[in-house]
Amino acid sequence: MNDIKLGQYVHGNSLIHSLDPRTKIICCTFIVIGILSSHNFWYLLAFLGLILVAIKYSGTPLSSIWRSMRGIRYLLLITFLFQAVLTQGEAVFQVGALSVTREGVVIGLINLLRLVILFLGSILLLMTTTPMKLSAGLEFLLLPLNKIKIPVQYFTTIISIAFRFIPTLVEESLSIKDAQRSRGARFDSPKILSNLKSYLAILIPLLASSMLRAEDLAEAMDSRCYGGNPNQYRMRTLKYDRVDIYLIIFMAIVLLAGLLI
Amino acid sequence: MSKIIDIKDLSYIYLPGTAYQQQALNNINISLNQGELLGLFGGNGSGKSTLAKLLNGLIYPTTGRVTVCGIDTSIKALRNDLWKKVGLVFQYPEQQIFESNVYDEVAYGLRNLDLSESEVKSRVYEALKRVGLIPNSMVNLSPVKLSGGVRRRIAIAGILALEPEILVMDEPMAGLDPLGQKLMLDIIKARQENKTQTTIIISHNLKDILALADKIAILEKGYLVFYGEVPELLNHIDILSKFRLELPDYLQVAYALNARGIKTNSEINNLHEAGLELIRIISSQKGKF
């Protein structure tokens with residue numbers, strides 16, 4: 001994984017980057033509802049086009065997104081194959097006892113598209129929004145839940161810390177992996193057991209250092225008076241623009257269109 | 001003496017073709033003979049650690065060639081076995097310890113070499129002794145409960161046990177107390193006494209290594225700004241002052257005396273020689289004061 005870490009924020013100056021995080025989160029929610037409630041293949045295809053335009057517009061290099069897509073290629077393949085084979089209907093062709101049905105292929109394609117859109121949508125959100133903005137947006141949107149005694153601020157703090165430390169952990173695991181490789185650990189051995197043992201040699205030090213880091217972080221937060229209150233300052237820095245409102249209205253129309261088709 | 005490391009026109013780029021593309025090393029040329037000790041200096045982000053990984057075959061050059069022990073590291077099949085010849089001690093190696101006792105931790109690499117268990121045992125004991133630990137009282141302890149300095153020595157023993165032809169140590173002194181630093185220097189010195197073993201020490205503190213090193217390489221932002229023998233570096237006052245490289249105290253005294261017109265031999269290697277030189281100067285200056 002000597003590549004850009006999946007979903008890591010990439011600095012940029014596009015319109016997508018400058019959108020309010022709440023807008024992006026709301027739009028992503030619309031996307032999820034839209035694509036999960038629609039069974040129309042063409043609608044989903046149009047949706048995919050829309051996301052690709054947004055990615056292109058955000059200046060995120062398509063090549064690196066394409067490469068990260070390779071990470072889920074087996075998931076996509078398995079999803080498609082299972083749907084194609086296990087759905088009842090008119091058989092298109094037969095392989096032994098298994099028959100691929102026309103309905104299966106259609107449903108398989110639809111689910112494949114859904115997964116790709118979900119993946120690209122979330123990648124776009126993560127790659128164009130800093131973790132801090134993202135958690136401020138989430139905190140604002142979920143704040144009403146505070147009324148029913150759900151401590152949203154804890155939840156968003158956890159999420160923002162998790163986002164913040166994913167790249168650090170990936171980096172650290174890579175360096176531990178290098179260290180174990182230079183002691184002869186093999187990660188591509190034909191023997192599964194020896195591969196497992198090699199991965200254990202990464203996991204244990206990684207876990208140990210994460211524990212230490214968590215402890216340090218907790219003390220650092222304590223020493224700077226973290227009290228678990230909603231982060232009013234961070235939320236005040238959020239600002240809605242006219243573009244945000246237009247975009248939400250546009251996405252709402254797209255969503256409605258999907259529900260009506 | 002035969003060349004053990006030969007680096008020709010080496011460049012290395014991280015994540016080429018992405019938003020994070022970064023040129024880490026530019027047109028580096030270094031060659032090192034068997035048995036020599038190279039001190040590799042440079043500030044943060046100068047490419048020192050990248051160079052270390054290139055020597056060990058963990059990464060391979062974007063352009064140029066790195067030949068180590070006669071093995072061209074751009075050939076994948078050969079590169080994968082390079083760890084047997086080049087031992088790489090990473091920064092803060094104590095953080096990669098994962099076995100439940102000291103013995104297994106030091107033996108990890110040896111078992112990957114498929115050695116017999118009796119050979120493993122003798123090498124583990126030997127390596128622990130070399131880093132100044134008493135094997136019998138250590139082998140059954142859990143590394144977690146030991147201090148950072150001892151853990152580092154265990155991690156280093158794990159590499160020394162492999163008996164690599166080339167040992168690369170990345171910032172071996174960082175974060176150690178004075179006693180720990182002295183122990184680390186002793187380990188390096190002991191290795192140097194064996195004339196066939198080559199060592200590379202990566203550091204940002206010249207003072208530690210200058211007396212031990214045969215050759216010095218200085219990296220800045222991925223460029224090699226100096227490569228040569230120690231006396232040659234000492235004549236480059238411009239480089240020394242540019243990188244704020246602090247010389248050992250006795251050399252500073254020698255240079256200061258020279259600057260005041262008192263002829264002093266500046267090719268002294270340790271405190272003892274410096275003392276003798278001072279006595280010589282004082283006795284020759286007698287009567288002038």
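Let's take chain B: among its contacts between residues at least 6 apart in sequence, what percentage join residues at least 24 apart?

A: First, some ground rules. Residues are numbered from 1 along each chain as its sequence is written, while chains are lettered from A and ligands numbered from 1 in the order in which they are written. This is a predicted model, where local features need pLDDT of at least 70, side-chain atom pairs count only at pLDDT 80 or more, and totals for chains, interfaces and linings use all residues.

Now your question. In chain B, 64% of the contacts between residues at least 6 apart in sequence join residues at least 24 apart. A contact here means two residues whose C-beta atoms, placed from the backbone, lie within 7 Å.

What is chain B built from? Chain B has 12 helices and 10 strands. Both kinds of element are DSSP runs, numbered from the N terminus: helices are H or I with at least four residues, strands are E with at least two. The C-alpha trace of chain B spans about 70 × 50 × 35 Å along its principal axes.

Of the 289 residues in chain B, 39% are buried. Buried means that 20 or more other C-beta atoms lie within 10 Å of a residue's own; exposed means 12 or fewer, partly exposed is in between, and the C-beta atoms are placed from the backbone.

Zoom in on B:Val106: leaving out residues up to four places away in sequence, B:Val106 touches B:Val124, B:Ala127, B:Leu128, B:Ile154, B:Ala157, B:Gly158 and B:Ala161.

Chain B splits into domain 1 (3–244) and domain 2 (248–289), with bounds that come from an automatic or database domain assignment. The centres of these two domains of chain B, taken over C-alpha atoms, are 34 Å apart. Five residues of domain 1 of chain B are in contact with five residues of domain 2 of chain B. On the domain 1 side, four of those residues are nonpolar, none polar and one charged. For this sorting, Ala, Val, Leu, Ile, Met, Phe, Trp, Tyr, Cys and Pro count as nonpolar, Asp, Glu, Lys and Arg as charged, and the others, Gly among them, as polar.

How does chain B meet its partner? The contact takes 21 residues from chain B and 20 residues from chain A. On chain A's side, helices H4 (62–69), H8 (152–181) and H9 (192–223) each give two or more residues, and H8(A) gives the most, with six. That side of chain A divides into nine nonpolar, seven polar and four charged residues.

Finally, a quick look at chain A itself. Chain A has 11 helices and two strands, and 23% of its 261 residues are buried. Among contacts in chain A between residues at least 6 apart in sequence, 74% join residues at least 24 apart. In helix H8 of chain A sits A:Thr156, which is buried because 23 other C-beta atoms lie within 10 Å. Not counting residues up to four places away in sequence, A:Thr156 touches A:Ser135, A:Leu138 and A:Glu139. A:Thr156 and A:Asn231 are 75 residues apart in sequence, yet 9.8 Å apart in space, C-alpha to C-alpha.
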